Amino acid sequence: MFNAEKFINESVLNLKEEITGKALIAFSGGVDSTVCATLVNKAIGKNLVAVHVDTGYMRKNESKEVKKLMDKIGLNYHFIDASEEFYKDLKGVIDPEKKRKIIGVKFIRIFEKVAKKEKIKYLVQGTIAPDWIESGGELRDTIKSHHNVGGLPEEMNLLLVEPLRDLYKDEVRKIAREFNLPVAERQPFPGPGLAIRIIGEATKERAEIVREACDIVEKEIEDASKKGLMEIPWQYFAVLIPVKSVGVQGDRRAYGYVISVRAVHSIDAMTCAYSLIPHEILDRISTRITNKMKDKVNRVVYDITNKPPSTVEWE
Amino acid sequence: MVKIYVVDNGGQWTHREWRTLRDLDVETKIIPNTTSFEDIIKEGIDGLVLSGGAPRIGLKDELGNTSEYLEKADFPILGICAGHHFMGRFFGGKVTPSKTPEFGKIELQLIKKDRLFNGVSEKSIVWESHNDEVSELPEDFEVLAKSESCKIQAMKYSKKPFYGVQFHPEVEHTEYGELIFKNFVNMCER
């Protein structure tokens, strides 16, 4: 069985040897990067610089919360709002692999800028097993290019350090619990963020819609599981499908987007079963989304596919 | 400690096989399928798992040195998906594209009692992901399990402790996956 304490001790020793000088950590505030930051912090202390990028595709209030978290852990950090740049770079981009690669490169260029200023050689990432497995290469087929692996540019000036490479999420959570991190049970959120929860072009307007929809899905499901109406899923969110359908809202014709509700059970993201959300909860989610989004969304559907054949996220 | 290596054929779940074995306190490592049998033997292993593979690899790929393992080994070998297909082909059976491929949740039905399925219910949930299948059983093999769309879900060689399974016991959603691995590990114990 995986032993978190043993892993921490060995990994801190290895990191002390591997990193000479300063290192930068790509910090999203999720379980993986927070555990990674804590580990590296233990190894090299103030020589670690955390960078959080607000891509414009974060969830509601997320970047604000991440700032608080970085303060709480006592990280030495930079907070960079690059949302307008990301919207601009993704303008007109529809292909999901292209989106992921543009985002991957963008992240690295931002990190390189900080690294140059602060004379940093190393880039620490919270990469875990499914990231490199699904990114493919050599024998393995590419399922999707994770921004931190398959999305990396061919040329970059930073040396990668990835202490969690062989772990799955459930094991990372064990370390997080060992460290008493508040994010230990947080649901996974992809690096490219809401950009891959918008099928087709990830415009700012669509990002606002899916951000609200994700917030409603999260709140309703968390509320339902607190009341014991359902088990908390591994991951639960909304996806914007850029197909318009006809509806009627207040005696007026409506012609808005479709939102899909997605919730799955898993321990490691390598296989998933769709979650059984009770109908009354689906009902509340549907009504809240369409009322809140007015004419922008007038249809809500529920994704009932397992992995395989699907994946958790739609892109 | 039992030593079982995982031969990587490029499957999405190769690393999951490694993890399942490690969680069962097996000494394990992922090795490329180009490793020579001599090098494997040198390390004194007790068993091998042949992983699943990249798409369509099961139909005709040579899977590196896998034929050498099947020819020379006398320790237990468990072939999974592409590894199972190769075992089927190597011993003279046929592998063809499935009429109905299976992805995700499927009901497995055991046909014959065997050590590999000790403690597994006659019907259970397994997770699948395949476009091809062993459609004709090789000589000296017997079928241990089937599903609605695939008649050879598990097979066993009568001359050596070799098994092939079409489904994936290494993933979390396969109901008795860990138990099946445990049974295999038990067989490898000397």
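**Exercise 1. In what order do the 9 strands of the open sheet of chain B stand?**

Solution. Begin with the ground rules. This is a predicted model, in which local features need pLDDT of at least 70 and side-chain atom pairs count only at pLDDT 80 or more, while totals for chains, interfaces and linings use all residues. Residues are numbered from 1 along each chain as its sequence is written, and chains are lettered from A and ligands numbered from 1 in the order in which they are written.

Step 1. Helices (H or I, at least four residues) and strands (E, at least two) are DSSP runs, numbered from the N terminus. Two strands pair if DSSP finds at least two bridges between them.

Step 2. Read the order: S2-S1-S3-S4-S9-S8-S7-S5-S6 in chain B, with mixed pairing.

Step 3. Find the edges. They are strand S2 (30–32) and S6 of chain B, and each pairs on one side only.

Step 4. Axes are lines fitted to C-alpha atoms, for helices over the stretch in contact, and angles run from 0 to 180 degrees between N-to-C directions.

**Exercise 2. Work out the parallel sheet of chain A and its edges.**

Solution. Step 1. In chain A, 5 strands form an open sheet in the order S3-S2-S1-S4-S5, and the pairing is parallel.

Step 1. Strand S3 (76–81) and strand S5 (159–161) of chain A each have a single partner strand, so one side of each is left without a neighbour in the sheet. From one strand to the next, the twist averages 30 degrees.

Step 2. Strand S4 (residues 122–124) of chain A is joined to S5(A) by 3 bridges. There, A:Val124 has A:Val161 as its bridge partner.

Step 3. Helix H3 (residues 62–73) of chain A lies across S2 and S3 of chain A, at about 170 degrees to S2(A).

**Exercise 3. List the partners of S7(A).**

Solution. Step 1. Strand S6 (residues 235–249) and strand S7 (residues 252–265) of chain A pair antiparallel over 12 bridges. In the hairpin of S6(A) and S7(A), 2 residues lie between the strands, and A:Gly250 takes a positive phi near 65 degrees.

Step 1. S7(A) also pairs with strand S9 (residues 297–302) of chain A, in the parallel sense, over 5 bridges. A:Ser260 stands opposite A:Val301 in S9(A).

Step 2. Strand S8 (residues 273–274) of chain A runs antiparallel to S7(A), joined by 2 bridges.

**Exercise 4. How many residues does each chain bring to the contact?**

Solution. Step 1. Chain B brings 19 residues and chain A brings 17 residues.

Step 1. On the side of chain B that touches chain A, H1(B) gives the largest share, 4 residues.

Technical notes
Contact = placed C-beta atoms within 7 Å.
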